[in-house]
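Visitor: I would like to learn how to read strands, sheets and helices in a model. Could we go through one together?

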Amino acid sequence: MQSVAVREQGTSHSPRNQVNELLVLWQHPESREIIPIGRFTYDGGRFGFSYTRAAAQIDDFRPLRGLSDLRTHYVSDNIPAVFNQRVMSPDRPDYGQYLGFLGLDVAAATPWEQIVESGGDRAGDTLQFMQLPTISGGRAHARFFVNGIRHIPGVSRTLAGRIVEVTREEQETALNQLEIGHRVLLEPELENPRDAHAILVTVGGTPVGWVPRVLSASLRQITESIECTAAVHRIRGATAPFHLRLVLDLDVAVPKGFEFDPEEKWATLSS
């Protein structure tokens, strides 16, 4: 495997959690499709990045700044600058509030932890990060941010046997019911114009957001055959940014042969 070292602004503190690999998700500016274009890793000392096969299949894809070769495995003591832009500076007056939304210790949080817990999302940006889903012991595991919370109210959604339309107030009431460990239902949404495999997250029948599109195609076969739920890992109030409000943990039995990435689009080009 080809490797190249890069030196860019950042730190190399050890994380206090066990997350060591993230999918880097890129939103196509025209189709709005969310595509897993890379794998970002941290072993407690060095950062690594490789592009995926999916990135090579995008006709008009431009490599990320400072990571120009699709077939190189990048390794650095410091976080690549293009990712470090998604880390809030401690000098910001809202730094403490932001880390509070993420559930991190202001005095000890590392840049890696910020990206893990925030998804690296920035307003108007095309990049997001998601913990790499896994399968073990016949069960699928994933931790993900509930997407599209701001877009739920005011539009009719077609679920199995019913059409649902909610107001912002109804959505907020549903979100306010949630606490850590509470279970929410993952329901297939029919006739979604953007995602043929869309899965809504519902609370007591009220839609509050969506499962990320990068997971929906694989999980749809589960949600269409059984009642599939996920547990609340983190919930924040209305003052938090929409994209940070609700994080879920999925732990569900899957049939033999189930894969999150059956076409191996998440496989790295550098391996």
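Guide: Start with a hairpin. In this predicted model, β2 and β3 form a hairpin with 6 residues between them. R32, in the turn, has a positive phi of about 65°.

Visitor: In which sense do β2 and β3 pair, and over how many bridges?

Guide: Strands of a sheet pair through backbone hydrogen bonds, either parallel or antiparallel. Here β2 (residues 21–27) and β3 (residues 34–42) are antiparallel, over 7 bridges. L25 has P36 of β3 as its bridge partner.

Visitor: Which residue in β6 is the bridge partner of L23?

Guide: That is M130. β2 and β6 (residues 127–131) run antiparallel and are joined by 5 bridges.

Visitor: Why is β2 described as largely enclosed by the rest of the structure?

Guide: Buried means under 20% relative accessible area. Of the 7 residues of β2, 6 are buried, so the strand is largely enclosed by the rest of the structure.

Visitor: What is the strand order in the open sheet of 7 strands?

Guide: The order is β7-β8-β15-β14-β11-β12-β13, with antiparallel pairing. β7 and β13 are the edge strands, each pairing on one side only. On average, neighbouring strands are turned by 35° against each other, direction ignored. Within this sheet, β11 and β12 are joined by 4 bridges, and L186 stands opposite V201 in β12.

Visitor: Which strands does helix α5 touch?

Guide: α5 (residues 168–176) packs on the sheet and touches β12, β13, β14 and β15. Its direction makes about 80° with that of β13.

Visitor: And where does α6 lie?

Guide: α6 lies across β8, β11, β12, β14 and β15, at about 65° to β12. In α6, 8 of the 11 residues are buried, so this helix is largely enclosed by the rest of the structure. Among them are L215, L219 and I222.

Terms used. Residues numbered from 1 in each chain as written. Predicted model: local features only at pLDDT ≥ 70, side-chain atom pairs only at ≥ 80, totals over all residues. Heavy atoms only, no water. Buried < 20%, exposed > 50% of the residue type's maximum accessible area, 1.4 Å probe, protein only. Helix = DSSP H or I, 4+ residues; strand = E, 2+ residues; numbered from the N terminus. Pairing = 2+ DSSP bridges. Axes fitted to C-alpha atoms, helices over the stretch in contact; angles between N-to-C directions. Contact = heavy atoms within 4.5 Å.
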